[in-house]
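Me: Let us go through this model one question at a time. Please keep each answer brief.

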Amino acid sequence: AGVLPSGRPETVYMQISKHEQAHVDFLIAGLEGAGVTPVSKPTFDFTVGGTFDPFNDNGVGQETAYAQLLALAQAFEDTGVRAYKGQAGNLLGSPFLTAALQIHSVEARHASEIRRLRGLKGWITGNERGAGMPDATQPVYNGEENVMQGGLDVTTLGSGAAFSMDASTEAYDEALSGDDAVAIASLFIVEE
């Protein structure tokens with residue numbers, strides 16, 4: 001629909017798309033190799049029931065559609081980072097832990113790059129969605145204001161002055177449970 005501007009935005013999106021396909025292919029192969037049948041690919045509704053027009057299919061205009069596409073991409077990537085982290089404990093002792101952590105780090109780079117395309121810092125501060133993010137995306141960010149890591153209040157760390165609340169929350173991504181990740185994703189999945 002011509003929503004992506006040429007140049008860096010298009011290059012970034014095309015590279016992220018390649019990475020995501022590689023992740024899907026790996027996960028399917030890993031599940032099948034372990035004797036598990038992967039779930040079928042769902043039908044997605046990136047308009048969230050007509051709330052958004054990220055591909056400019058309904059004529060909202062290229063600029064608005066692109067802004068919506070970036071906002072949705074940010075929410076997806078931030079969800080992915082937290083979802084992979086949330087499942088790491090379930091993979092301890094399995095041959096998939098290393099690969100899942102590698103995917104997690106790539107998802108974090110994707111999230112950072114999308115946020116930068118939106119003109120934001122490359123990381124989450126507190127539980128803030130970032131300018132221009134719809135209220136419906138708040139569940140992606142709930143819990144990111146946590147400052148307790150490994151039983152330690154990280155606001156007490158730092159040489160000299162202790163880390164601020166913002167700096168402390170920016171330094172860690174929080175895990176997202178499988179149920180919470182599914183609830184967030186279900187906003188974009190059509191029930192069949």
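Me: How many aromatic pairs does a search of the whole structure find?
Reply: The model is predicted, so local features need pLDDT of at least 70 and side-chain atom pairs pLDDT 80 or more, while totals for chains, interfaces and linings use all residues. Residues are numbered from 1 along each chain as its sequence is written, and side-chain values use heavy atoms, leaving out hydrogens and water. Rings of Phe, Tyr and Trp (its six-membered ring) pair if their centres lie within 6.5 Å; planes under 30 degrees apart count as stacked, over 60 as edge-to-face and the rest as tilted. The search finds four.

Me: Is the pair of Phe46 and Phe76 stacked or edge-to-face?
Reply: The ring centres of Phe46 and Phe76 are 5.6 Å apart. Their planes stand at 75°, which makes the pair edge-to-face.

Me: How many residues apart in sequence are the parts that Phe46 and Phe76 tie together?
Reply: Helices (H or I, at least four residues) and strands (E, at least two) are DSSP runs, numbered from the N terminus. Phe46 lies in the loop between β1 (43–44) and α2, and Phe76 in helix α2. The pair therefore ties together parts whose separation in sequence is 30 residues.

Me: Is Phe188 buried or exposed?
Reply: Buried means under 20% relative accessible area, exposed over 50% and partly exposed in between (1.4 Å probe, protein chains only). Phe76 has 31%, so it is partly exposed. The value for Phe188 is 6%, so this residue is buried.

Me: How many residues apart in sequence are the parts tied together by Phe76 and Phe188?
Reply: The centres of these two rings are 4.7 Å apart and their planes are at 70°, so Phe76 and Phe188 form an edge-to-face pair. Phe188 sits in the loop between α6 (178–185) and β4 (189–190), and Phe76 in helix α2. The separation in sequence is therefore 112 residues.

Me: At roughly what angle do α1 and α2 cross?
Reply: Axes are lines fitted to C-alpha atoms, for helices over the stretch in contact, with angles from 0 to 180 degrees between N-to-C directions. The axes of helix α1 (residues 8–33) and α2 come within 13 Å. They cross at roughly 35°.

Me: How many nonpolar residues does the contact of α1 with α2 have?
Reply: Contact means heavy atoms within 4.5 Å. The residues involved include Tyr13, Ile16 and Glu20 of α1 and Leu69, Ala73 and Glu77 of α2. Ala, Val, Leu, Ile, Met, Phe, Trp, Tyr, Cys and Pro count as nonpolar, Asp, Glu, Lys and Arg as charged, and the others, Gly among them, as polar. By class there are two charged residues, no polar ones, and, as nonpolar residues, nine.

Me: Which residues is Glu20 in contact with, leaving aside its neighbours within four places in sequence?
Reply: Glu20 lies in helix α1. At 25% relative accessible area, Glu20 is partly exposed. Beyond those neighbours, Glu20 is in contact with Glu77, Glu107 and His110.

Me: With which side chain does the side chain of Arg82 make a polar contact?
Reply: Arg82 lies in helix α2 (residues 62–87) and is buried at 3% relative accessibility. A polar contact is a pair of N or O atoms within 3.5 Å; within protein, one must be able to donate a hydrogen and the other to accept it, and residues adjacent in sequence count only if both atoms are side-chain atoms. The side chain of Arg82 reaches the backbone oxygen of Asn142 at 3.0 Å. At 2.9 Å, its side-chain partner is Glu144.
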